[in-house]
Amino acid sequence: MLPRSSLIRVVPFLGTLSLAQSPPSKAEVHPMLPTWKCTNSGGCIVQNTSVVLDFEYRDIHTISGSTSCKTGSASSLSKSQSDYAAKGVSTSGNSLTMYHYVRNNGRLDSASPRVYLLDENTGKYVLMSLLNQELTVTVDLSSLPCGENGAFYLSEMTADGSKNPSQNNIGGATLGNGYCDAQCQGFCCNEMDILEANSQANAFTGHPCKGNNCDKGGCGYNPYASGQRSFYGPGKTVDTNKPFTVVTQFMASGGRLTSITRKYIQGGRTINSGSINSCGSESGTGGLTGMGQALGRGMVIAASIWNDAAQNMAWLDSGNNGPCQTGQGSPSNIQSQHPDTHVVFSNIRWGDIGSTTK
């Protein structure tokens, strides 16, 4: 049986739409992804959540065919739903699977999708207020080679997805609008990279912003770069041949973020790792205090899978950052040697410190 996200009804193109027009009248069916909000007193309560594909990763269907929403005009938008499976995205139970490459008419195309967590009750993004809270996710990175990046992170997007001035904003959050990050794609906003990883290396990094001045390099922690050469990877302390749970705690005192702490859970063991205790200039980009303020206001979960033609992801997994060799992580090598590369994120929980892993 085809997954729910593959059952797409396409309505013929009906004419010209203005930039200010409302979204397609046929509501898109988003792949469901239940998550849990937790407290120490009340346990974990399931949330009615789903994932929505980024607006610019969609296709606009026209009379003559289709084109990307990133390059097409809103005036050619048809009343069709996005084919999530064709974009490498599927869900099952509480698991989200994202493939970098998908087969299309015998071709192996790069999908490299990005999705956001959506509240199905409101049609808005889930804003997680995580100051003095923790965020937990289980990951399977076993098929991600050198050069690939399974990313799970937080962006200070608006709940309704209306802020990005470079997008048409048709449909707001329900069509994946409003993306921003500390690299100022779309517009500049605070970004917290919970996990950027493959089977060989991983890092978590804060990217605070003060206005349009963002810490693009960020303040990060990579176990390999810190000297823990036997800590993370296939057969190592955190064994990436198997799924493991990532716990990120945003410790605060007096309403101020004091540290970002990481631990892992695998095979019934809790494995402590490092922490971030400072984050650049508070007067320049906001520093750890600014990062904490963004976490307190609420941030949106984003997940993606991608590779890096410019640097082959060397900043993550090569040289002092990981065991990968020069050129090993090139997109052409990944596509030819690892066409099935994919990442699985599951069992997403957030809430009081200690509440998500009981």
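**Note on the predicted chain**

1. The chain holds three helices and 25 strands, where helices (H or I, at least four residues) and strands (E, at least two) are DSSP runs, numbered from the N terminus. This is a predicted model, in which local features need pLDDT of at least 70 and side-chain atom pairs count only at pLDDT 80 or more, while totals for chains, interfaces and linings use all residues. Residues are numbered from 1 along each chain as its sequence is written, and side-chain values use heavy atoms, with hydrogens and water left out.

2. Of the 358 residues in the chain, 51% are counted as buried, a term that stands for under 20% relative accessible area, with exposed meaning over 50% and partly exposed in between (1.4 Å probe, protein chains only). The accessible surface of the chain amounts to about 14,800 Å², and carbon and sulfur atoms contribute 48% of it; such areas come from the Shrake-Rupley method with a 1.4 Å probe, and for residues only the protein chains shown count as cover.

3. Among the contacts (heavy atoms within 4.5 Å) with a separation of 6 or more, 68% join residues 24 or more positions apart.

4. Two residues deserve a look at the backbone. Cys184, although not a glycine, has a positive phi of about 65 degrees, and this residue lies in the loop between strand E13 (148–155) and strand E14 (191–197). Cys184 is partly exposed, at a relative accessible area of 25%.

5. Asn312 is likewise not a glycine, yet has a positive phi of about 55 degrees. Its place is the loop between strand E24 (300–307) and helix H2 (314–317), where Asn312 is buried, with a relative accessible area of 19%.
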